[in-house]
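Hello,

Here is the structure I promised to pass on. Please have a look at it first, and then read my notes below.

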Amino acid sequence: MREGPSTFLSAMDLDLSHPAIEDLRRTARHRIPRFVWEYLDSGTGDEASHRANMAALDAVRLRPAILRGTVAPDLSTTIMGRSLSMPVGIAPVGMSGLVWPDAERILARLAAELEVPYGLSTVAAQTPETVGPCAGDQGWFQLYPPGDADIRRDMLARARDAGFHTLVLTADVAVPSRRERQRRSRLTNPMKMTPGIFLQAAMRPRWAVETLRHGKPRLRTLDKYAREDRDMPATGHVGYLLRCAPDWDYVAALRQEWDGSLVVKGVLDPEDAVRLRTAGVDGVWVSNHGGRQFSAAPASLDVLPDVRAAVPEMPVIWDGGVRSGTDVLRAIAFGADLVMLGRAVHYGLAAFGAKGARHVFHILREGMIADMGQMGLARPEEARGRLMTAAPA
Ligand SMILES: Cc1cc2nc3c(=O)[nH]c(=O)nc-3n(C[C@H](O)[C@H](O)[C@H](O)COP(=O)(O)O)c2cc1C
């Protein structure tokens with residue numbers, strides 16, 4: 001989308017007015033309707049696991065170093081055979097296009113430009129066909145498992161044909177969660193255009209106009225199957241197509257049907273990681289879904305060292321609460337190979353469109369480079385030797 005008034009903000013202006021992701025978060029809140037903000041920002045229940053993600057990061061201390069001379073930090077890395085410019089990517093976010101119009105294509109283009117992975121959600125507002133060409137060689141397709149095997153195979157073929165090389169099975173949404181903050185804002189699933197929602201949208205005219213221009217956000221990848229399916233429930237919501245809680249047989253079927261890299265997301269137990277390796281999965285993604293599914297779940301950082309130790313040779317992807325370059329280094333010190341961003345990049349997007357999302361990566365890159373200078377590190381993974389905080393037992 002056009003960048004509007006923010007076009008006049010140079011990258012340097014943004015660096016002065018919004019030097020931290022928290023600054024972007026504050027601006028984002030005033031640019032999008034309340035129900036959209038609550039959808040993006042909230043966790044589930046009392047939000048204990050969402051807060052725990054950030055508290056666990058805050059508690060990590062890394063030992064600085066002196067007298068190391070000049071070091072030239074190199075952030076580039078390789079994961080599952082592919083080179084990245086830095087160990088940070090964009091996690092799948094359902095209905096990203098509700099947060100900001102055309103978000104999926106904006107973020108996919110940014111990922112291609114920055115050479116970092118972009119995860120497209122099954123429940124995005126765009127399809128693999130429209131996003132794949134924008135993502136270039138950086139497309140990961142996230143699967144909420146369809147119950148019907150024919151639909152599953154068709155979806156995999158669409159993702160593959162559109163250029164997505166990595167498949168991510170999200171395994172931590174066996175049932176929907178309550179998301180109380182979302183409910184209080186009157187957001188329903190499927191979304192109903194009630195007077196309350198209409199009023200909230202009207203109070204954010206720029207968001208409303210651009211959203212209308214791009215067409216009402218909906219789960220476009222599922223359109224095709226909903227039209228073919230005669231069992232559509234009275235609610236008219238196509239999400240029922242995905243109400244299959246996957247099991248180990250499902251993982252085996254995916255392994256058979258998908259030639260590219262296969263990652264399972266939502267791993268919090270080292271034993272699951274070991275079993276996934278045996279099942280032929282290529283990477284494990286440690287995540288508690290940003291605290292959106294289970295408020296008693298552990299902080300994703302706290303379980304990371306045990307998962308790393310259980311599958312030392314496997315790529316370990318991780319997410320949960322990242323707000324700075326320091327957080328990225330903390331997660332890498334705890335064993336992550338690749339750190340993914342859910343909310344953070346959407347705060348940037350909601351605040352300033354594509355420019356804001358790009359600024360998030362700028363903040364993270366500059367922050368990592370500054371911290372690596374403090375520790376005298378040439379490469380992020382050397383942070384593992386600078387860990388002062390004991391990993392949880
Ligand atoms: C608004 C929103 C929607 C999300 N939708 C999906 C999704 O469709 N599929 C998925 O696997 N994860 C989804 N997630 C979880 C993210 O992929 C990621 O695990 C989480 O956001 C990481 O935490 P962070 O937001 O604190 O970075 C969503 C997260 C948010 C905030």
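**What I found**

Of the 393 residues of the protein, 55% count as buried (under 20% relative accessible area with a 1.4 Å probe and protein chains only; exposed is over 50%, and partly exposed is in between). Please keep in mind that this is a predicted model, where local features need pLDDT of at least 70 and side-chain atom pairs count only at pLDDT 80 or more, while totals for chains, interfaces and linings use all residues. Residues are numbered from 1 along each chain as its sequence is written, and side-chain values use heavy atoms, with hydrogens and water left out.

**Overall fold**

The protein has 17 helices and 10 strands (DSSP runs numbered from the N terminus: H or I of at least four residues for helices, E of at least two for strands). Its radius of gyration is 20 Å, close to the 21 Å that the globule rule gives for 393 residues, so the protein is as compact as a globular protein of that length. That radius is taken over C-alpha atoms, and the rule is 2.2 Å times the number of residues to the power 0.38. Along the principal axes, the C-alpha atoms fill a box of roughly 70 × 50 × 40 Å. Among contacts (heavy atoms within 4.5 Å) between residues at least 6 apart in sequence, 75% join residues at least 24 apart.

**Salt bridges**

I count a salt bridge when a side-chain nitrogen of Lys or Arg is within 4 Å of a carboxyl oxygen of Asp or Glu. The total comes to 25.

- E257 and R152 pair up at 2.9 Å, N to O. E257 lies in helix α13 (residues 248-257) and R152 in helix α8 (residues 149-161), so this pair ties together parts that are 105 residues apart in sequence. R152 is buried, at 7% relative accessibility.
- E22 bridges to R25, with the closest N and O atoms 3.1 Å apart. Both sit in helix α2 (residues 21-29), 3 residues apart, or about one helical turn. E22 is partly exposed, at 31%.
- R308 and D337 also form a salt bridge, with closest N and O atoms 2.9 Å apart. R308 is in helix α15 (residues 300-310) and D337 in the loop between α16 (325-333) and β10 (338-341), so the pair links parts 29 residues apart in sequence. R308 is buried at 14% relative accessibility, whereas D337 is partly exposed at 25%. Elsewhere, shared partners join E22, R25, E38, D41, E47, R181 and R323 into one network of salt bridges.

**A pocket and two cavities**

These come from a 1 Å grid over the protein atoms alone: in a cavity a 1.4 Å probe fits but cannot get out, a pocket is an open set of points with protein on both sides within 12 Å along at least five of seven lines, and lining residues have an atom within 4 Å of a point. Grid points are joined across faces, edges and corners, and a volume is the space filled by probe spheres set on the points.

The second largest pocket holds about 390 Å³ of space. Its lining has 19 residues, with A171, D172, G266, V267 and D272 nearest the centre. The elements giving two or more residues to that lining are α13, β7 (261-267) and α14 (270-278).

The search finds 2 cavities of 30 Å³ or more. The largest cavity has a volume of about 80 Å³, and its lining residues include H214 and R220. The second largest cavity has about 60 Å³, with W140 and H165 among its lining residues.

Best wishes
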